[in-house]
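Let's take a short walk through a protein model together.

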Amino acid sequence: MSSPTGPASGLPVRMPRPRQSGRHRRPEPAAVPLGAPPLVLAVPGAPNDGARRLAEELLSIARSEMPGLDAQIGFLDGDGEEFPQLEAVLTRAAQENPERLRQAAEAAKALADEAAEAIAAAEAAGEVVDEVPPVPTVPTDGPAAVVVPLLAGPDSGQLRRIRQAVMSSGSAAELTDVLGPHPLLAEALHVRLSEAGLARADRARLFTVATAADGIILATVGGEEAAQAGGITGMLLSARLAVPVMAAALDEDGAVLRIAEQLRSAGSERLALAPYLIGPEVSTELISAAAEEAGCSAAEALGDYPAVGKLALAKYAAALGITLQQASPAMR
């Protein structure tokens, strides 16, 4: 049985892809170990169709990188089957965990027996048999789920609620760090700014934009702590654009206006607001109001930019000790 948020239970479905030829072929996707727990994307903010579509698209990106991944959505403020609550999703994962591990053990034994038979048959025919690698499995004492917060930065209020949901579920789920800071998020911010005509899309070819900003306000949520953490990604973005970037918290009164004044006093004339946000955390009205207060235009939130889904998968893989192909930011 399955749902829009992923398989409800059972072993991951392995979907091997044909291997491409040539020196520039795409790296083979990582395999899901037998018995791997689900990736549960913890979605903050008001549950609505837009937030669900965004979360589903990000999980689709993650599944494309790791076929067979059991990926599910849990809303912090979920209210039923349409928008499942995070705590309920984790409780169900804990209940299904013993059966998942039992099926994984049976599948591993069957694969090992099949490999042993094939080796014996080959050796009886006088063939040289290479060593067969073991079937990847997860420890039986591993987490019942891996929870990845859909947050770019450390919003302490949201993270506290996510931790509480994990503890209340009794699921022994593992909670990962937030997605940032990371160079891929600086790339995503650059792309969103260029899409809005607020940044040069390609410095290497000297492609110019008349409305390109000469100062960027990196808008976060989570107070001063989030603004400080956002400053790390801001430095990476500044290096890409060759313009000053300063972070400000949308949920701190006067912070955006204060940073705008600092940038203007330092010589920036055309400012732009870059939301260092995935999307569901705050309303678009709050972003628009902050941009209006600062007297500048705003780019879109990070949304379903592919790097966001890949970073969510990377957090999941790191929690389970799975090695992924390292993604690198696009050259600009």
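Start by selecting residues 215–220 and 271–275: these are strand 7 and strand 9, which pair in the parallel sense over five bridges. Two strands count as paired if DSSP finds at least two bridges between them. Click Ala219, and then its bridge partner Pro275 in strand 9.

A word on what you are viewing: this is a predicted model, where local features need pLDDT of at least 70, side-chain atom pairs count only at pLDDT 80 or more, and totals for chains, interfaces and linings use all residues. Residues are numbered from 1 along each chain as its sequence is written, and side-chain values use heavy atoms, leaving out hydrogens and water.

Now widen the selection to the open sheet of four strands, in the order 8-7-9-10 with parallel pairing. At its edges you find strand 8 (245–249) and strand 10 (297–298), each pairing on one side only.

Angles run from 0 to 180 degrees between N-to-C directions, with axes fitted to C-alpha atoms, for helices over the stretch in contact (heavy atoms within 4.5 Å). Then select helix 7 (residues 284–294), which lies across strand 7, strand 9 and strand 10.

Last stop: helix 8, residues 306–320. Which of its residues are buried (under 20% relative accessible area, 1.4 Å probe, protein chains only)? Among them are Leu311, Leu313 and Tyr316. Just after helix 8, Gly321 takes a positive phi of about 75°.

Methods. Helix = DSSP H or I, 4+ residues; strand = E, 2+ residues; numbered from the N terminus. Expected span 1.5 Å × (residues − 1). Buried < 20%, exposed > 50% of the residue type's maximum accessible area, 1.4 Å probe, protein only.
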